[in-house]
Amino acid sequence: MSSTLSMQHPMVLGPLNLSPWTNFNKVWTAVMGYPAENFRFVTGKTPMSTPQETLGMIVLYLVVIFGGQSFMRDRPALKLNGLFMVHNLLLTVISGALLVLFAQQLIPSLYRHGLYENICGADGWTRSLVVLYYLNYLTKYVELIDTVFLMVKKKPLTLLHCYHHPATALLCHTQLLGRTSVSWVPITLNLFVHVVMYWYYFQSARGVRITWKQWITRFQIAQFVVDLGFVYFASWDYFTSTYAPQLPHVGTCAGEPLAAIAGDVILSSYLVLFISFYIATYKQMSQRRSASKTARKVGLKMEKEIDAPVASSKAL
């Protein structure tokens, strides 16, 4: 199969193996006791594989952040800057490593089988990719700690933040259950954005001044636009080929209807919320800056007008 070609022919230079998957597979085998490609996602047996476990973690998350917010109300904010740096650096490295592993699996398959087969056919759901889907899913629980840091630092807990993180864990879980081949598109784009985002937060915690924060939100909005183009297409192909074959469609898409609906709804809500956040945060900020500049210009003009008669009287 195409997913095992890179494992059968690793690129080796002396003792150093240049295949990221082969190196990852060695670590996986040492920890788990079997090769990564032998992994199976089995509901009820694999950790965090049931809806009850996912919903339980989401409930626990909400209790911790809102209960913690109430607990911290009359207490001083905690800094925890060292832990915050470690957390963000760790997620930067994990996101980057997963992105490289996805690329090694996907690029040869895309070249051999084309885009459509990889978003709708069996080549989009291989054993090697399922390992990466599962690891990416587990990182969503680590990312819930982002909100815990906000809570102990007594920062505002926005709807976007409190909703986005648990909804992403739920989204990843539904796609694992539904075996949607298009999953790699939103996941790889999200990993790229997270490399940039968590690196930004790591550098900010170090005291490095970075001026391109708003580009992170722009990347996120662009990511969701691309995501929705792919998932809407895959969903249309699935539902038309299954329930309305008389309507125009390309072929049939792998996956379950509940997973398709969950992907469409959750990603659409992200796009709306992130656009709203961008407008509220950066557009209003820009307007305030413009108003401040205008006020300064008016003030300088008034000062000049006041100073002009004084200068004239001195000249006389």
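Reader: What volume does the largest pocket have?

Author: Happy to start there: the largest pocket has a volume of about 1200 Å³. Keep in mind that this is a predicted model, in which local features need pLDDT of at least 70 and side-chain atom pairs count only at pLDDT 80 or more, while totals for chains, interfaces and linings use all residues. Residues are numbered from 1 along each chain as its sequence is written, and side-chain values use heavy atoms, with hydrogens and water left out.

Reader: How should I read the words pocket and cavity?

Author: Rolling a probe the size of a water molecule over the atoms shows where empty space is left. On a 1 Å grid over the protein atoms alone, a cavity is a set of points where a 1.4 Å probe fits but cannot get out, whereas a pocket is an open set with protein on both sides within 12 Å along at least five of seven lines; lining residues have an atom within 4 Å of a point. Points are joined across faces, edges and corners, and a volume is the space filled by probe spheres set on them.

Reader: Which residues lie nearest the centre of the largest pocket?

Author: Tyr200, Tyr201, Lys213, Phe277 and Tyr282 do, out of 37 lining residues. Two or more lining residues come from each of α4 (81-120), α6 (145-152), α7, α8, α9 and α10; helices here are DSSP runs (H or I, at least four residues), numbered from the N terminus. The lining divides into 17 nonpolar, 14 polar and six charged residues. For these classes, Ala, Val, Leu, Ile, Met, Phe, Trp, Tyr, Cys and Pro count as nonpolar, Asp, Glu, Lys and Arg as charged, and the others, Gly among them, as polar.

Reader: What lines the second largest pocket?

Author: That pocket, of about 310 Å³, has 16 lining residues, with Phe24, Trp28, Met32, Leu135 and Leu138 closest to its centre. Helix α2 gives the largest share of this lining, five residues. By class, the lining holds 14 nonpolar, two polar and no charged residues.

Reader: Which residues form the salt bridge?

Author: Side chains of opposite charge can pair when their charged atoms come close. The cut-off for a salt bridge is a side-chain nitrogen of Lys or Arg within 4 Å of a carboxyl oxygen of Asp or Glu. The structure holds one: glutamate 143 pairs with lysine 140, their closest N and O atoms being 3.3 Å apart. The two are about one helical turn apart, because they stand three residues apart in helix α5.

Reader: Is glutamate 143 buried or exposed?

Author: Buried, with a relative accessible area of 3%; lysine 140 is buried too, at 1%. Here buried means under 20% relative accessible area, exposed over 50%, and partly exposed in between (1.4 Å probe, protein chains only).
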